[in-house]
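Please walk me through this protein chain, from its overall layout to its helix packing and a few individual residues.

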Amino acid sequence: MSDEDDDYMSDKFLTGIPDVRPSLINNRAKKRQIMVEAKQKDHIKKQREMKAQTTGLVDNEKLQEALSKPIENDNKGFKLLAKMGYKPGQALGKAVTENDDKPAMSSGTQRLLEPIGITIKSDRQGLGRESALRELMEKQIELRKQRLKKESGETSIEEFRRRATEKAEERFVTNALRKCQKTCENLDVENHVDTPAMPWFWPEVPKNKDEADDEKCSENENHKSDSEEEDAVVDEFSNSEKLEMLTQYIRTSYNFCFWCGIRYEDLNDLNTNCPGLNKDDH
């Protein structure tokens, strides 16, 4: 290299290069274009979020409206059925028994006259939550009947003899109930459930000293009958009954066995690998 040639390692090559850093925009029109594009992207994002929140409800209404109408005669599916001998009002499908929970059926052939209904699930609370709440209500009714039967004086000798062992197990049941309440709260929060199905499904929130003093003063001012009614509501179910209902709820809703301490992949996996429903089975 001769002395006349420029050194490619020197700063002379940088002097003729313009500043093209993206953060420095001196053109007013360019700045306005970038602001407009940013607002458009933000508007499109909000529209998509609003659509995602309302799509489930709107589609479900349209679906129910479409299913309530009979198939028209010019429908291709109806024409195919008519070629095979189908007439409006006839039953389709295999014969069903009287015990099956199905829609309207033909009395002569015991077959379906109406298709099975379809409902779109638009929330994110889990597929088994509704059935778990239904089983919970049935269990509460059964326990109330048993309690009324005991209060009427129809207590068996076997139940009387078990009272001594039940007192020994009460401490274990209380500790297990606290742990199960915390597990239920964590599972509900993960599945976007804001409030528990029953007030005692989640552990009680600890109160600070000031709130506890204020609550104590207000309780002293209330009538004695009001406090007795509140105690009756709280003590409606024993800890063992609460634990049984709570374990059944998380088992049905989330495929979680409290006694195994495992959340199974699906219902089949739960029924195959879990020993049973209660502590004695484990």
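Predicted model: local features only at pLDDT ≥ 70, side-chain atom pairs only at ≥ 80, totals over all residues.

Residues are numbered from 1 along each chain as its sequence is written, and side-chain values use heavy atoms, with hydrogens and water left out.

The chain has 10 helices and two strands. Both kinds of element are DSSP runs numbered from the N terminus, helices being H or I with at least four residues and strands being E with at least two. Read from the N terminus, the order of elements is α-α-α-α-α-α-α-α-α-β-β-α. Of the 282 residues, 18% count as buried. Buried means under 20% relative accessible area, exposed means over 50%, and partly exposed is in between, with a 1.4 Å probe and protein chains only. Among contacts with a separation of 6 or more, 49% come from residues 24 or more positions apart, where contact means heavy atoms within 4.5 Å.

In soluble globular proteins, nonpolar side chains tend to be buried together. A nonpolar core is here a set of buried Ala, Val, Leu, Ile, Met, Phe, Trp, Tyr and Cys residues joined through side-chain atoms within 4.5 Å. The largest nonpolar core holds 23 residues, and the members that touch the most others are Cys184, Trp200, Phe201, Leu246, Tyr249, Ile250 and Tyr254. Helix 4 (129–151), helix 6 (163–190) and helix 9 (239–254) each supply at least two residues of this core. What does Leu246 touch, not counting residues up to four places away in sequence? Its partners are Leu177, Cys180, Gln181, Cys184, Trp200 and Phe201.

Consider next how helix 6 packs on helix 9. Their axes are 9 Å apart, at an angle of about 30 degrees. Axes are lines fitted to C-alpha atoms, for helices over the stretch in contact, and angles run from 0 to 180 degrees between N-to-C directions. Helix 6 and helix 9 are therefore roughly parallel; angles under 35 degrees count as roughly parallel, over 145 as roughly antiparallel, 65 to 115 as roughly perpendicular and the rest as oblique. The crossing of this pair is left-handed, a term used if the near helix is turned anticlockwise from the far one by less than a right angle, and right-handed applies if it is turned clockwise. Helix 6 contributes to the contact with residues including Leu177, Cys180, Gln181 and Cys184, and helix 9 with residues including Leu246, Tyr249, Ile250 and Tyr254. By class, this contact of helix 6 with helix 9 has 11 nonpolar, five polar and three charged residues. Ala, Val, Leu, Ile, Met, Phe, Trp, Tyr, Cys and Pro count as nonpolar, Asp, Glu, Lys and Arg as charged, and the others, Gly among them, as polar.

Helix 4 also packs on helix 9. Here the axes come within 9 Å and cross at roughly 160 degrees, and helix 4 and helix 9 are therefore roughly antiparallel. The crossing is right-handed. Among the residues that meet are Leu136, Gln140, Leu143 and Arg147 in helix 4 and Glu241, Met245 and Tyr249 in helix 9. This contact has six nonpolar, five polar and six charged residues.

Leaving aside neighbours within four places in sequence, Gln140 is in contact with Met198, Phe237 and Met245. Arg147, also in helix 4, counts as partly exposed at 32%. Arg147 and Phe237 are 90 residues apart in sequence, with their C-alpha atoms 9.3 Å apart.

Two residues other than glycine have positive phi values. Phi of His192 is near 65 degrees; His192 lies in the loop between helix 6 and helix 7 (209–221) and is partly exposed at 44% relative accessible area. Phi of Asn255 is near 55 degrees. Asn255 lies in the loop between helix 9 and strand 1 (256–257) and is buried, with a relative accessible area of 16%.
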